[in-house]
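Please look over the fold below. The report then goes through its helices, sheets and loops.

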Amino acid sequence: MAKLSLFFFFFSYVCSHAVFADDDVSIKKGTISWWCSTTPHPDPCNHFIMMGRYNPNQHNPITRQDFRTLTIQAAMERAIHVQTRAKNLCFQGKSKRKKTVHRDCYNLIGNTIHQLNTTFRSIQKTSNATSDAQTWLSAALTNVEICRSGSHDLKIAARFRSPILSGYVSELISNSLAANGALILAANNDPDSGRRFPGRVTPGNRKLLQVSALVLKANVTVSPDGSGQFRSIQAAIDYATSKRVGDGRVVVYVKKGVYEENILINRTMNKVTLVGDGVKHTVITGSRSVSGGFTTYSSATVGVDGAGFMARGITFRNTAGPEKGQAVALRSASDLSVFYACAFEGYQDTLFVHAQRQFFKSCHIYGTVDIIFGNAAVVIQNSVIYVRKPLVGQANMITAQGRGDPFQNTGISIHNCRVMPAPDLKPVVGSFKTYLGRPWQQYSRTVIMKSYLDGLVEPEGWSRWGDSDFALSTLYYGEYKNFGPAGSLENRVNWTGYHAITNPDEASRFTVRSLVAGRAWLPATGVPFIAGL
């Protein structure tokens, strides 16, 4: 069903532009101009491919694969150009807010270049990388949009914003997504087919998330009382990854204790595992917030960019409180990442599922406004979402999914979970409204399946973004076989983008098997999961 709707979108788009190309005598079929006319942004496509150093003789693409390669190279060259311009801005200016935003944007464009490089290398090696490429390109585009949102967080005037936002990087990546999306549709790829995930999660490590095995295999141990090699989790991660031999997994055992620190696992720190002594005993806590001068992105107590991250038995907490606005407990852009038996505690913007493929199992998630938000392809399974008491005048929003391009293969799937009031909300639950989600971006996509919805959820289910009609016809919000006091669909919203799903084939698009291709990589982690409905 997803492929069918995507096909009609792409077919109608390409046909309308192809007609334009055929009617314009200056555009010859098969030329760069003709290929660019099939993209969402033909003008920057033409300009940057024509002037690209990787195509000095302006050779015309012979195949759609050739054209996809050119679009990725154009995006990468442009991203590198704006990164160079942005570098000095990280340290310039008197304003702490400006420095914070520019520092975030510089890191994010670095991640974007990494994703584009990964995509380019993969499509050169194998023809089976199209689905993976769509994930990496989706993340590359999301990073640019998060740079933009950081400028809004801290109210940076347009003239002081990062050159990343004015360099056509978004448009060129969007073109790459469309070109690669057309190849996926043409091949009619199954989400599981051709996925090997080299060097990330290997079949030989099937006990990766079993606590006893993890503790025995730990490279380093952290303890607040000094009984481990380190008292700081960040110091332990830095040391263990710097001493890693080959491409092996790094396991950090975090003993019982409360650790007050902000942690970053950057894009070079792949395959890191954190194992704690349980959510009641091992707690990582911070208090950064937008009100405190950080962007939503940089407010995270723990931020993860390295691929293949795993965590078990840890609480990730942000104690900024509801008055401080956006304050993230965990931000993850880690591809093929797993969070098992963990807890995430905050108020507004608790769990930032930033980008790429993620899986959460048997977790507890606490928050108020936009509790789970971001633009990953993520499945949250057999977990409990506890809605806390918000500020007076606020409404609780369980999700705010951030899909901004119709070709991004992203979305939030909440499967076999429970939505409940937290203890502080229970006595006053009738005084506050709670919704399943609201659209952060134009193509926001969230599905809740086979989950228990307690009576705190409003009968209409979903909320607009403020008082606007933004994205109501382009979003995709769905529910399938939910139950409980708020499980009835009788009074749900009647937006074009809302779907009361009755067909299991349609619901299956949002399972572990389909949304995150989980059967190809989750078995090796040892985490239990339901592949289908």
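A residue counts as buried under 20% relative accessible area, as exposed over 50%, and as partly exposed in between. Lysine 450 has a relative accessible area of 29%, so it is partly exposed. The model is a predicted one.

**The whole protein**

The protein has 533 residues, and buried residues make up 60% of them. Its secondary structure comprises 11 helices and 27 strands. Take the contacts between residues at least 6 apart in sequence: 70% of them join residues at least 24 apart.

**Helices that pack together**

Helix H7 (residues 169–187) packs against helix H4. Helix H6 (residues 130–153) packs against H7 too. The table sets out both pairs.

| Helix pair | Angle | Axis separation |
|---|---|---|
| H4 and H7 | about 160° | 9 Å |
| H6 and H7 | about 160° | 9 Å |

How do H4 and H7 run relative to each other? Angles over 145 degrees count as roughly antiparallel. H4 and H7 are therefore roughly antiparallel. Their crossing is left-handed. On the H4 side, the residues in contact include Phe67, Ile72, Ala75 and Val82. On the H7 side, they include Leu172, Ile173, Ala179 and Leu183. By class, this contact has 12 nonpolar, five polar and three charged residues.

The angle between H6 and H7 is about 160°. H6 and H7 are therefore roughly antiparallel as well. Their crossing is left-handed. Among the H6 residues that meet H7 are Leu137, Ala140, Leu141 and Val144. H7 contributes residues including Val169, Ile173, Leu177 and Ile184. The residues of this contact divide into 10 nonpolar, eight polar and two charged.

H7 has another neighbour. The buried residues of helix H3 pack against helix H2 (32–36), H4 and H7. Which residues of H3 are buried? They are Pro44, Cys45, Asn46, Phe48 and Ile49.

**A proline between two helices**

Proline 61 lies in the loop between helix H3 (42–50) and helix H4 (64–87). Is proline 61 buried or exposed? Its relative accessible area is 7%, so proline 61 is buried. Leaving out residues up to four places away in sequence, proline 61 touches Gly30, Ile32, Trp35, Asp66, Phe67 and Leu70. Consider glycine 30. It is 31 residues from proline 61 along the chain, yet their C-alpha atoms are separated by 7.0 Å.

**Two open sheets**

Strands of a sheet pair through backbone hydrogen bonds, either parallel or antiparallel.

At one end of the order, three bridges join strand S26 (residues 476–480) to S27, and the two run parallel. Here glutamate 479 stands opposite alanine 500 in S27.

Another open sheet has six strands, in the order S4-S7-S10-S13-S16-S20, and its pairing is parallel. Which strands form the edges? They are strand S4 (263–265) and strand S20 (399–401), and each pairs on one side only. The twist averages 10° from one strand to the next. Within this sheet, strand S13 (residues 351–353) and strand S16 (residues 372–374) pair in the parallel sense over two bridges. Leucine 351 stands opposite isoleucine 372 in S16.

**Two loop residues with positive phi**

Return to lysine 450, the partly exposed residue. Lysine 450 sits in the loop between strand S24 (445–449) and strand S25 (452–453). Its phi is positive, about 50°, although it is not a glycine.

Alanine 471 is found in the loop between S25 and S26. Alanine 471 has a positive phi of about 70°, and it is not a glycine either. Is alanine 471 buried or exposed? With 5% relative accessibility, alanine 471 counts as buried.

Terms used
Residues are numbered from 1 along each chain as its sequence is written. This is a predicted model: local features need pLDDT of at least 70, side-chain atom pairs count only at pLDDT 80 or more; totals for chains, interfaces and linings use all residues. Side-chain values use heavy atoms; hydrogens and water are left out. Two strands pair if DSSP finds at least two bridges between them. Helices (H or I, at least four residues) and strands (E, at least two) are DSSP runs, numbered from the N terminus. Axes are lines fitted to C-alpha atoms, for helices over the stretch in contact, and angles run from 0 to 180 degrees between N-to-C directions. Buried means under 20% relative accessible area, exposed over 50%, partly exposed in between (1.4 Å probe, protein chains only). Contact means heavy atoms within 4.5 Å. Angles under 35 degrees count as roughly parallel, over 145 as roughly antiparallel, 65 to 115 as roughly perpendicular and the rest as oblique. A crossing is left-handed if the near helix is turned anticlockwise from the far one by less than a right angle, and right-handed if clockwise. Ala, Val, Leu, Ile, Met, Phe, Trp, Tyr, Cys and Pro count as nonpolar, Asp, Glu, Lys and Arg as charged, and the others, Gly among them, as polar.
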